[in-house]
Amino acid sequence: MKTSTPLMVATLVIGLYPVSLAAQSTHLPEESPERSSSETSVHEAILASRNLTPEQVASLEAKRAANPTDLAVRTQLLAFYGGSRSFRDQSAKEAKREHALWFIRNSPESEILGTPPSLIHHILDSEGYSEAKRAWMSQIDREPENTRLLGHAAAFLKFGDRRTSIEMLEQAQSLDPSNPEWPRELGHLHSLGAQVSGGGDLKSAERALEHFQRAYGLADDSLRDSLLDYLAKAAFSADQLDQAHHYAELMLQNTAAGWNSGNRVHHGNLVLGRIALRAGNIEEARSRLIAAGNTTGSPQLNSFGPNMSLAEELLEIGEREVVLEYFKLCSRFWDSDRAKDKLDRWSVVAAAGRIPDFGANLHY
């Protein structure tokens, strides 16, 4: 199993995390579970920021200069600078840092602080990260029982200081024990810990499963639906194969339409295929891979692409043809130019008898 680099980990988790604790990535699904009005407006600002012209950005900057406390304008600017351009452009990185720090110091409960554009990468901008971390710790020192601040600070720290992030979520959970958000996010962080260590950290997987199960017990039906994927994968990683099978079957038994329907088909079949392969049933593993590829897609699958864990495991035992067919099926919903380029490159490598570097798609 390949280990994950910090930057890859920073980008892989967006497909797994809800917006409130999304990873540092510029890509957000076009749809997701129901949001509050403030979450919706921030989500819309992030989507709109992709198409801002230089003239529109200049106009926003002028408005910000005239009224530095205009949260709506600052939200739009942080959404703009916090996108992929902050990885490529030094001036954008500095502007992102400036706006993120302003929000942390002046409006730390703002919804934008729970989203990817506000996260400063601890390696790519270590100075900005350290300054922002100090600002967050100062806010928490002032209001140690403010669960909103604890959640936002935990989101910021999850890659650079996972231990402190976990401690903050545990504090939020102790203050707000009936809220499924806290065990859900603790589950995500422990899952991430297992991924960073190369997938061999059984204790992290077990903790993730425990937290997801707690969240499932507290959640309403809508949230329970979205938790099943995490439950199945955590159970598989924790070697609890009977539980993994149960959760995967629950995904496939739910045929209700909605934003998550394609995810259920895709991930439910992949988990069952991996269980089958673990038991030596190669034929079922093949059929489950094809069933996963026959999903209608979803906001997450269409943006970040399919999961390649079962495909990689099949390639490891020489099952090239079924994996190449899977790539073709995935191209029907993962059809951007960048996605097609990846699938083409993976196909060439797989056809030659080698295993592609699937990167973050082993975890999406």
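Close-up 1. Glu-283 is exposed, with a relative accessible area of 51%, where exposed means over 50%, buried under 20% and partly exposed in between (1.4 Å probe, protein chains only). This is a predicted model, in which local features need pLDDT of at least 70, side-chain atom pairs count only at pLDDT 80 or more, and totals for chains, interfaces and linings use all residues. Residues are numbered from 1 along each chain as its sequence is written, and side-chain values use heavy atoms, with hydrogens and water left out. Glu-283 forms a salt bridge with Arg-286, the closest N and O atoms being 2.5 Å apart. A salt bridge here is a side-chain nitrogen of Lys or Arg within 4 Å of a carboxyl oxygen of Asp or Glu. Arg-286 is partly exposed at 26%. Helices are DSSP runs (H or I, at least four residues), numbered from the N terminus.

Close-up 2. Arg-97 and Glu-127 meet through their side chains at 3.9 Å, N to O. Arg-97 lies in α6 and Glu-127 in α7, so this pair ties together parts that are 30 residues apart in sequence. Arg-97 is buried at 17%, whereas Glu-127 is exposed at 54%. Glu-131 and Arg-105 form another salt bridge, at 2.8 Å, N to O. This pair also links α7 with α6, across 26 residues.

Close-up 3. Nine of the 11 residues of α8 (residues 147-157) are buried, so the helix is largely enclosed by the rest of the structure. Among the buried ones are His-152 and Phe-156.

**Close-up 4. Ser-110 in a loop.** Look for Ser-110 in the loop between α6 (90-106) and α7 (126-142). Ser-110 counts as buried, at 12% relative accessibility. Leaving aside neighbours within four places in sequence, Ser-110 is in contact (heavy atoms within 4.5 Å) with Leu-71, Phe-103 and His-152.

**Close-up 5. The buried face of helix α13.** Ala-244, Tyr-247, Ala-248 and Met-251 are buried in α13. Seen down the helix axis, the buried residues fall within an arc of 100° (taken from the directions from the axis to the C-beta atoms), so they line one face. On the other side, Asp-242 and Gln-253 are exposed. What covers the buried residues includes α11 (202-218), α12 (221-237) and α14 (261-278).

How values were computed. Helix = DSSP H or I, 4+ residues; strand = E, 2+ residues; numbered from the N terminus.
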